[in-house]
Each structure stands twice: as structure tokens, then as C-alpha cells.
Amino acid sequence: MRRMALFLSVVCVLAAPLLHSQSESGPPVPKVLEAGFDAYRAGGPDEALRVWLRNSPLEGTPEIGKADQALHAAQAQFGQWRSFDIVSDHTISASTRVIYMTLDYDKGPLYAKFILYRTDPGYIVTSLLFSPNDTDVLPAQPL
């Protein structure tokens with residue numbers, strides 16, 4: 001009986017940091033964003049936009065050109081894209097999320113905002129914004 005109690009205590013102590021880190025990580029990155037970043041890594045910004053905008057109401061709108069231009073300008077200014085980090089993830093309603101991110105390049109970040117809408121097959125991107133200037137994209141933070 002003592003061995004069982006000792007074993008359970010050890011398991012709880014070892015599992016606590018893992019469970020704590022998972023709870024702090026927040027909701028998972030939506031599949032549409034993950035797939036877009038995988039496409040970015042494999043085929044560049046044009047491929048990422050194609051994936052992000054699949055089934056989106058943005059297909060064929062001027063917003064796509066602005067996003068394409070911003071991603072290409074970031075590569076020209078900052079070098080190769082490396083990774084992304086979520087700055088904040090807000091669930092606005094049962095169907096809408098706003099995700100603020102940094103896209104990290106060799107020499108600097110590009111700030112991003114994605115508005116996602118839940119449909120039957122999963123989230124779609126209904127708005128996106130990219131800028132090298134954080135105040136253009138990120139919500140104002142009190143000092």
C-alpha cells in the first residue's frame with residue numbers, strides 16, 4: 001500500500017509541470033493557420049496565402065494583394081521566414097476568434113492578425129493583416 005502511495009505521489013509530482021505547461025499554452029492553433037505555415041515553409045508566401053484563403057470570402061478581393069505584398073516585403077527586408085509565435089488568441093464568440101502573431105524572420109518580425117470563423121469543416125480566415133509596425137496590427141496595451 002505504501003509503495004502504491006509513493007508511486008502515485010511521484011507520478012503526480014512529475015506530471016504536474018507537464019499539465020501546467022499545457023494549460024498555459026491556450027487553445028491549439030487552428031488547422032488552417034498551421035497548414036498555411038507548413039505551406040509557407042515548403043513553398044513561400046504565395047503558397048501560404050493560397051492555403052489560408054481556401055474557402056475564404058477573401059478570395060479575389062484587394063485584401064489578398066495587400067497581404068501578398070506585405071509578406072514579400074518582409075522577406076526582402078528581414079530575410080528568410082523561420083517561425084511564428086502567438087501573441088494573443090481571443091475567442092470573440094462561439095464561432096469567431098482573433099489571433100495576433102509575430103512571424104519571425106532572420107532579421108526581424110512581421111506582425112499579423114487573423115480573424116477566423118468556424119464553419120462545419122473547420123475555421124476559415126475572414127480577415128488578415130500583416131505589418132512590420134506592431135502598432136498597425138497589435139491591440140493597444142496599457143503601459
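The legends below accompany close-up views of a predicted model.

**Figure 1. Overall layout of the protein chain in the predicted model.** The secondary structure comes to 5 helices and 4 strands, and from the N terminus on these elements follow the order α-α-α-α-β-β-β-β-α. Of the 143 residues in the protein chain, 34% are buried. When contacts between residues at least 6 apart in sequence are considered, 42% of them join residues that are at least 24 apart.

**Figure 2. The buried residues of helix α3.** Helix α3 spans residues 45–52, and within this helix Pro-45, Ala-48, Leu-49, Val-51 and Trp-52 are buried. These residues lie on the same side of α3, because they cover an arc of only 160° around the axis. An α-helix has 3.6 residues a turn, so residues three or four places apart point the same way. The elements against which the buried residues of α3 pack are the helices α2 (31–43) and α4 (62–78), together with the strands β3 (109–118) and β4 (123–131).

**Figure 3. The packing of α2 with α3.** The axes of α2 and α3 are 7 Å apart, and the two helices pack at an angle of about 160°. Because angles over 145 degrees count as roughly antiparallel, α2 and α3 are described as roughly antiparallel to each other. The crossing in which α2 passes α3 is right-handed. On the α2 side, the residues that meet α3 are Val-32, Leu-33, Ala-35, Gly-36, Phe-37, Ala-39, Tyr-40 and Gly-43, while on the α3 side the corresponding residues are Pro-45, Glu-47, Ala-48, Val-51 and Trp-52. By residue class, the contact of α2 with α3 divides into 10 nonpolar, 2 polar and 1 charged.

**Figure 4. The packing of α3 with α4.** Helices α3 and α4 pack at an angle of about 145°, and their axes are 10 Å apart. The crossing of these two helices is right-handed. From α3 the contact is made by Pro-45, Asp-46, Leu-49 and Trp-52, and from α4 by Ile-64, Ala-67, Asp-68, Leu-71, His-72 and Gln-75. The residues of the contact of α3 with α4 divide into 6 nonpolar, 2 polar and 2 charged.

Figure 5. Leu-49 lies in helix α3 and counts as buried, because its relative accessibility is 4%, where the limit for a buried residue is under 20%. Residues up to four places away in sequence being left out, Leu-49 touches Ile-64, Ala-67, Asp-68, Leu-71 and Leu-128. Leu-49 and Gly-65 are 16 residues apart in sequence, and their C-alpha atoms are 10.0 Å apart in space.

**Figure 6. Glu-63 in helix α4.** The position of Glu-63 is in helix α4, and Glu-63 is partly exposed, with a relative accessible area of 26%. Its contacts, apart from neighbours within four places in sequence, are with Leu-58, Ser-127 and Leu-128. A further pairing in this view is that of Glu-63 with Leu-129, which are 66 residues apart in sequence and 8.4 Å apart in space, C-alpha to C-alpha.

Figure 7. The phi of Asn-55 is near 65°, a positive value in a residue other than glycine. For comparison, most residues other than glycine have a negative phi.

**Figure 8. Thr-96 in strand β2.** Strand β2 comprises residues 96–105, and Thr-96 is placed in this strand. Thr-96 counts as buried because its relative accessibility is 18%, and the limit for a buried residue is under 20%. With residues up to four places away in sequence not counted, Thr-96 touches His-90, Thr-91, Ile-115, Leu-116 and Tyr-117.

**Figure 9. Asn-133 in the loop between β4 and α5.** Asn-133 is found in the loop between strand β4 and helix α5 (134–137), where Asn-133 counts as partly exposed at 33% relative accessibility. Asn-133 and Leu-110 are 23 residues apart along the chain, and a separation of 7.5 Å lies between their C-alpha atoms.

Definitions and conventions. Residues numbered from 1 in each chain as written. Predicted model: local features only at pLDDT ≥ 70, side-chain atom pairs only at ≥ 80, totals over all residues. Heavy atoms only, no water. Buried < 20%, exposed > 50% of the residue type's maximum accessible area, 1.4 Å probe, protein only. Arc of directions from axis to C-beta. Contact = heavy atoms within 4.5 Å. Axes fitted to C-alpha atoms, helices over the stretch in contact; angles between N-to-C directions. Parallel < 35°, antiparallel > 145°, perpendicular 65-115°, else oblique. Left-handed = near helix turned anticlockwise from the far one by under 90°. Nonpolar A, V, L, I, M, F, W, Y, C, P; charged D, E, K, R; others polar.
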